[in-house]
Amino acid sequence: MKILGIETSCDETSAGIVEDGHKLLANIVRTQIDIHKEYGGVVPEIAARSHIEVILPVVNQSLKTAKLDWKEIDGIAVTNGPGLLGSLMIGTLTARMLALIHRKPIYPVHHVLGHIYANWLLEEQPQFPVLALIVSGGHTHLFYLESHLKVKLIGRTTDDAVGEAYDKVAKLIGLPYPGGPAIDKAYHLGNPDFLDLPTPKGSGKYDFSFSGLKTAVLRRSQELIGEDFRFPSWQISKRLTEEQVNNIAASFQKKAVEILVDTTKKAFDEFQPKSVIIGGGVACNDYLREELQKALPIKLNYAPIDLCTDNGAMIAALGCFMHEYSKPVDPRDIKTEPSLKIQYQA
Ligand code: KG4
Ligand code: ZN
């Protein structure tokens, strides 16, 4: 069975095709990073307009790459939330239209659950029960999956997502958007023990908190340049030396990764899963992968970078299992849901 997946929740326009939930036939991604870079973050209006321009060529390219005709596609999966309203609308309306024209069943996919399924595209597939840490610009979620149908959200951030903290800290110290890769690069040049940062805790046992960490970096940076809390954050980067920037970035990354690893390890000890997987943009981070692997007694699974960041293939992979286990939705009933929730079962 072959499913086409469409993803447009933020600043990547993507279409992927997956066979039977694990065979990757195509994954076309057009990123808008260069467009948003000059604004220091994603501009929703520009993102939506950019999706419109490329969505159909991206879908056509995925079919061409997979050497498939519409007749050979068994269904369409599309991210319907969470994400930016305008961006999500382009993907869902395109998918609805294609489903009606080509008479295909359609499945709405939760973006964060999609990130989990990038790991089903690896040669070695996860074994249930699975513990999944999904870390991206908008989410920091810990899931326990007993099967494809029994997915429990056991932990989440109570404030900022870890990727959001990376992006905000990068902006504060004058590093480019997206902050993750820039901070990771600076980490290797700096001293991770330069700042003594706090370990903020989320409210539940496996919850995370990153807002306090971000604020602590702001306060320490103000102190470093000899100013107090009244000094405007947007002027700080102008007063920092390159060495200080690298040291702040390194200290932030060390603490952020420590928080992710400690909480995931605690969940591993309680749930004793057969597989542990990571996904989402922050899962591209080598230091996180290494530290988490060191803390675990089993092999950590993660996808290559182009499947960790937003992509249509992960949506198609989950779409394959939805095609197998659930009923399609009438295309006209698929709604965009910017704040689409997953039930939290701590
Ligand atoms: O999953 P994703 O592509 O989009 C969302 O769903 O948010 O994740 C984007 C996030 C950004 O916050 C970016 O800074 C972060 O992933 N990121 C990284 C790295 N590469 C991307 N964070 C840490 N280290 C990286 N190497
Ligand atoms: Zn994402």
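Mentor: Let us start with Pro178, which is found in the loop between helix 5 and helix 6. Please keep in mind that this is a predicted model.

Trainee: What makes the peptide bond that joins Tyr177 and Pro178 a cis bond?

Mentor: Its omega is about -5°, and the bond is accordingly described as cis. A second case is the bond from Gly81 to Pro82, where omega is near -10°. Pro82 belongs to the loop between strand 4 (75–81) and helix 3 (85–102).

Trainee: What is noted about phi of Asp20?

Mentor: Phi of Asp20 is near 55°, a positive value in a residue other than glycine. Asp20 sits in the loop between strand 2 (12–19) and strand 3.

Trainee: Into which domains is the protein chain divided?

Mentor: The division gives domain 1 (2–122 + 306–333) and domain 2 (130–302). These bounds come from an automatic or database domain assignment. The C-alpha centres of domain 1 and domain 2 are 27 Å apart.

Trainee: How do you know that domain 1 and domain 2 are in contact?

Mentor: The criterion is heavy atoms within 4.5 Å. By that test, 21 residues of domain 1 are in contact with 25 residues of domain 2.

Trainee: What area do domain 1 and domain 2 bury between them?

Mentor: The value is about 1800 Å², with 75% of it on carbon and sulfur atoms. That area is summed over both parts.

Trainee: How many salt bridges are counted between domain 1 and domain 2?

Mentor: The count is zero. A salt bridge would require a side-chain nitrogen of Lys or Arg within 4 Å of a carboxyl oxygen of Asp or Glu.

Trainee: How much space lies in the largest pocket?

Mentor: The space in the largest pocket is about 1100 Å³. Its lining has 39 residues, and the closest to the centre are Ser136, Gly137, Gly138, Asp167 and Tyr177. Elements that give two or more residues to this lining include strand 3 (23–31), helix 4 (111–117) and helix 5 (162–172). Helix 5 gives the most, with six residues.

Trainee: Why is the largest pocket said to lie between domain 1 and domain 2?

Mentor: Domain 1 and domain 2 both give residues to the lining of the largest pocket, so the pocket lies between them.

Trainee: What classes of residue does the lining of the largest pocket have?

Mentor: There are 14 nonpolar, 16 polar and nine charged residues in that lining.

Trainee: How many residues line the second largest pocket, and which lie nearest its centre?

Mentor: The second largest pocket is lined by 22 residues, and Leu113, His148, Val151, Leu318 and Met322 lie nearest its centre. About 420 Å³ of space lies in this pocket. Helix 12 supplies the largest share of the lining, four residues. By class, the lining of the second largest pocket has 14 nonpolar, six polar and two charged residues.

Trainee: What do domain 1 and domain 2 give to the lining of the second largest pocket?

Mentor: At least three residues of that lining are drawn from each of domain 1 and domain 2.

Technical notes
Residues are numbered from 1 along each chain as its sequence is written. Chains are lettered from A and ligands numbered from 1 in the order in which they are written. This is a predicted model: local features need pLDDT of at least 70, side-chain atom pairs count only at pLDDT 80 or more; totals for chains, interfaces and linings use all residues. Side-chain values use heavy atoms; hydrogens and water are left out. On a 1 Å grid over the protein atoms alone, a cavity is a set of points where a 1.4 Å probe fits but cannot get out, and a pocket is an open set with protein on both sides within 12 Å along at least five of seven lines; lining residues have an atom within 4 Å of a point. Grid points are joined across faces, edges and corners, and a volume is the space filled by probe spheres set on the points. Ala, Val, Leu, Ile, Met, Phe, Trp, Tyr, Cys and Pro count as nonpolar, Asp, Glu, Lys and Arg as charged, and the others, Gly among them, as polar. Buried area is the accessible area (1.4 Å probe) that two parts lose on being put together, summed over both.
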